[in-house]
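I opened my notebook next to the viewer today. Here is what I looked up, entry by entry, for anyone who wants to follow along.

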Amino acid sequence: MLSPCYALIQKARCYPYIRNAKNSYKEIEILHDNTEKVTRRDFLRGAGASAAGLAVLGSAGLLMKNTVFAKQAAPAKPAELLSYVKLDPDKAMETAYKEYLKGYG
Amino acid sequence: MFVSFSGGIEHWATICGALVSPVALIGATVADKKIRSAIVNELMAWYTQFPFPEYQPAGLNLPKVAVGSTLCHVSATTWANVAKVSTSSKAKKQRCGGLSGDVAKKTVQMLNAWKDTGTFAATHKPNPIVATCMDCHVDNEPYTQGKENCMQCHGDKLINIKKSEAHEGLF
C-alpha cells in the first residue's frame, strides 16, 4: 500500500495535472484513487512510522490528529491553514521522546 | 515522511531532525507569514541556546549543553565531547530523545500561545555576531548567508585536521 504521506503529496500534485490538462483522464483518476483510499488510521500509522525528529512524531502525530482529519470538516479560520487544537506540551514531549527511542533516531 | 531526517538527514548531520517536523507543522497551521516566521525563528534561536536535554526520564543525569547551532553535526559533536561519550552510545541516544521531547514541548507551547492570543512575540534571537558578519558579507565577497553563529566554524576554534599530528599522512 502507498504510504499515506506519499498519497497526500500525490493529492497535492493532482491539481496541476488537472489544470494543465496534459494528462489523461485515467491518470488523474489513478492519482485521486490512491489518495481517497487513505484513511485516518492509515495516515496516523504512516506518521507514526515516519516521525524521526519531532517529536517529531510526537507532535506531528498529535497535531495531525487534531488538524488534518479531526477538524477537516470544519471550515478553517482565516489565520490558519489547518485548524489547530491546543495540545498538552508535556504529553507531546513524552510522545516525542518515546517515538525517538523506538528507533527512528 | 520524516524518517529520513533522522541524524540530520540519514546521519549526514545537517539540520537537527528534531526541528524538521515542528517547522512543517508550524507551516501547516499558521497562515500569517509574519507570525509563522516569528514562531519558526523563535524555535531555531531557542534551540541554539537551550541546554539540552532538559527531559531525562531515564534518570541518567546527562550533562545539559547549549550547543549554539541547529546543525546536527555541531549539536551532537558538541554535546558528545562535553559528555565524553560516543555518538553511538546509549547516552547520546537518550540525549537526542530528550532533546526531541524538549523541542516538541517548545513547539506546542508556542502554538498554544499563538492560539490563545492570535499573535506571537519571540524572545530568542540569533547570536549578535551574525548581524555583524552579514552587514558586510551578504553583498561583499566572500558572499554568504545564514543565521547560525559564524564563529563556530570561522573563529579561532576551527580545527585544521591537516595540521593534526594524529592525522599526518592521511591527506
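**Entry 1: a serine in chain B**

I began with a side-chain pair: B:Ser75 and B:Tyr47 are joined by a polar contact of 3.1 Å. By polar contact I mean a pair of N or O atoms within 3.5 Å, where within protein one must be able to donate a hydrogen and the other to accept it, and residues adjacent in sequence count only if both atoms are side-chain atoms.

A note on the ground rules: this is a predicted model, local features need pLDDT of at least 70, side-chain atom pairs count only at pLDDT 80 or more, and totals for chains, interfaces and linings use all residues. Residues are numbered from 1 along each chain as its sequence is written, chains are lettered from A and ligands numbered from 1 in the order in which they are written, and side-chain values use heavy atoms, with hydrogens and water left out.

Is B:Ser75 buried or exposed? I found B:Ser75 buried, at a relative accessible area of 2%. My cut-offs are under 20% relative accessible area for buried, over 50% for exposed, and partly exposed in between, with a 1.4 Å probe and protein chains only.

I then listed what B:Ser75 touches, leaving out residues up to four places away in sequence: B:Tyr47, B:Val67, B:Ser69, B:Arg95 and B:Leu99. A contact here is heavy atoms within 4.5 Å.

Helices (H or I, at least four residues) and strands (E, at least two) are DSSP runs, numbered from the N terminus. B:Thr77 counts as partly exposed, because its relative accessibility is 32%. Its C-alpha atom is 18 Å from that of B:Val103, which is 26 residues away along the chain.

In the loop between helix 3 (33–49) and helix 4 of chain B I stopped at B:Asn61. B:Asn61 is exposed, with 70% relative accessible area. B:Asn61 and B:Ala91 are 30 residues apart in sequence, and their C-alpha atoms are 9.7 Å apart.

How many residues of helix 2 (residues 17–29) are buried? I noted 10 of its 13 residues, so this helix is mostly covered. Among them are B:Leu19, B:Val20, B:Leu25 and B:Ile26.

In helix 6 (residues 129–137) I marked B:Val130, B:Cys133 and B:Met134 as buried. They lie on the same side of helix 6, because they cover an arc of only 95° around the axis. The arc is that of the directions from the helix axis to the C-beta atoms. An α-helix has 3.6 residues a turn, so residues three or four places apart point the same way.

Chain B has seven helices and zero strands, and its C-alpha atoms fill a box of roughly 60 × 50 × 30 Å along the principal axes. Buried residues make up 40% of its 171 residues. Of its contacts between residues at least 6 apart in sequence, 51% join residues at least 24 apart.

For chain A I wrote down five helices and zero strands. Buried residues make up 41% of its 105 residues. Of the chain A contacts between residues at least 6 apart in sequence, 59% join residues at least 24 apart.
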